[in-house]
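Hi,

Here is the structure we talked about, handed over with some notes. Have a look at it first, and then read on for what turned up.

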Amino acid sequence: MEFFRSSKTYDFMGKSKLFIVFSVFLIIVSWALVIVKGLNYGIDFAGGTLVQVKYTQTAPVEVIRNAVTKVPEYSSATVTEFGSPEEVIIKIPTSSSSVGSDIGDEVKVLLEGSGDFEIRRVDMVGPKVGSELREKGLMAMGLSIIAILIYIAFRFEWRFGVASIFALVHDVSIALGMIALFAVDVNLDILAALLTIMGYSLNDTIIVFDRIREGIRDSKIFDLFKIINVSVTKTLSRTTLTSLTTFFVVLTLFLFGGEIINGFSFTMLVGIVVGTYSSIFIASPFLKWLGFDVEGYKLNEARKEKLRKEKEKMRAQFEGGVV
């Protein structure tokens, strides 16, 4: 299916400076939000206890909050709605090691008289475990970026690798900014979403880079921006179809998947949009600013091809008994 006319070449690179300036602005704003507002770590990373309570009627949030916080150990607890007016989440910034082994029963006693309810879930993570999970999560992201840089540098050329890493940093930065802006709980689900965004964005970027490499090899043009325009135009229909399909699936999860995966699907929605944008408007023009030279690249590829043919010729002679 073709959404765009294949006979027309769109001038994506004509406004490349504007897109880069806009992206740098978004990155700065995103990190400002992260620094100023901070990330709202869930119990996976901060440690603590989460108790999910379901009422048969509308949950009396204020009554629950007053009943829980009057206990000294739970004075810092927060009570919020969870998905529907009948359910609430009680977050206590302490774990079982400091308040006893059965917080669910203790909360049940505290909420007696507040209505007909049941304790549906009790999650507990110690502060040390939460700190380790946070450190390992950051390490996983860092190692992923290094592995991606090495892979693309070997498959294409080092400037392609650096350009793709910049696009990944762009995508993750904006996603983190949106997470901070809307106070989404950062837990293992969000980390999984960020790693998925990196994979999704990289896949899109590699497809664009493959087209650019083909354009450099097959075209007699030496203007990198013209080659990029032609190459990106050829991938536009595929990128549009893939991105829209993924976007609508994740949007369905966000709208109807329930509160439990709301943070994951929200982060994925942001990532799909910025990942598609960065593959086209950020990663490609960055090649030019890194000093990528079409003529030099073609000469280098020609030398590699000549060396490959010489090796094949020598191997054929050796196998045929000719020295």
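Helix α9 covers residues 224-256, and its 33 residues should span 48 Å at 1.5 Å a residue; the end C-alpha atoms are 45 Å apart, which agrees. The expected span here is 1.5 Å times one less than the number of residues. Helices (H or I, at least four residues) and strands (E, at least two) are DSSP runs, numbered from the N terminus. Before going further, please note that this is a predicted model: local features need pLDDT of at least 70, side-chain atom pairs count only at pLDDT 80 or more, and totals for chains, interfaces and linings use all residues. Residues are numbered from 1 along each chain as its sequence is written, and side-chain values use heavy atoms, with hydrogens and water left out.

Back to α9: the helix has a kink of about 45°, centred on Leu236, where the bend is the angle between axes fitted to the seven residues ending at a residue and the seven starting there. After α9 comes Gly258, with a positive phi near 95°.

Now the packing. The largest nonpolar core holds 57 residues, and Phe160, Leu194, Phe209, Ile212, Ile216, Leu287 and Phe292 have the most contacts inside it. Among the elements that give two or more residues to this core are α1 (16-37), α7 (158-181), α9 and α12 (294-319), while α8 gives the most, with 13 residues. A core of this kind is a set of buried Ala, Val, Leu, Ile, Met, Phe, Trp, Tyr and Cys residues joined through side-chain atoms within 4.5 Å. Buried means under 20% relative accessible area, exposed over 50%, and partly exposed in between (1.4 Å probe, protein chains only). Leaving out residues up to four places away in sequence, Ile212 touches Phe160, Ile227, Ile228, Ser231, Ser284 and Leu287; contact means heavy atoms within 4.5 Å. There is also a second, separate core of 19 residues, which includes Val53, Tyr55, Tyr74 and Val107.

Tyr55 leads on to the strands. Seven of the eight residues of β2 (residues 48-55) are buried. This strand runs antiparallel to β5 (residues 117-125), joined by eight bridges, and Tyr55 has Phe117 as its bridge partner. Six bridges join β2 to β4 (residues 84-92), also antiparallel, with Gln52 opposite Ile89. Strands pair if DSSP finds at least two bridges between them.

Two serines may also interest you. Ser265 lies in α10 and is buried, at 0% relative accessible area; its side chain reaches the backbone oxygen of Asn262 at 3.1 Å. Ser16, in α1, is buried at 3%, and a polar atom of its side chain lies 3.0 Å from the backbone oxygen of Met13. With residues up to four places away in sequence not counted, Ser16 touches Phe225, Pro285 and Trp289.

Finally, which residue other than glycine has a positive phi near 55°? That is Ala183, in the loop between α7 and β6 (185-186) and partly exposed, at 46%.

Best wishes

Notes:
A polar contact is a pair of N or O atoms within 3.5 Å; within protein, one must be able to donate a hydrogen and the other to accept it, and residues adjacent in sequence count only if both atoms are side-chain atoms.
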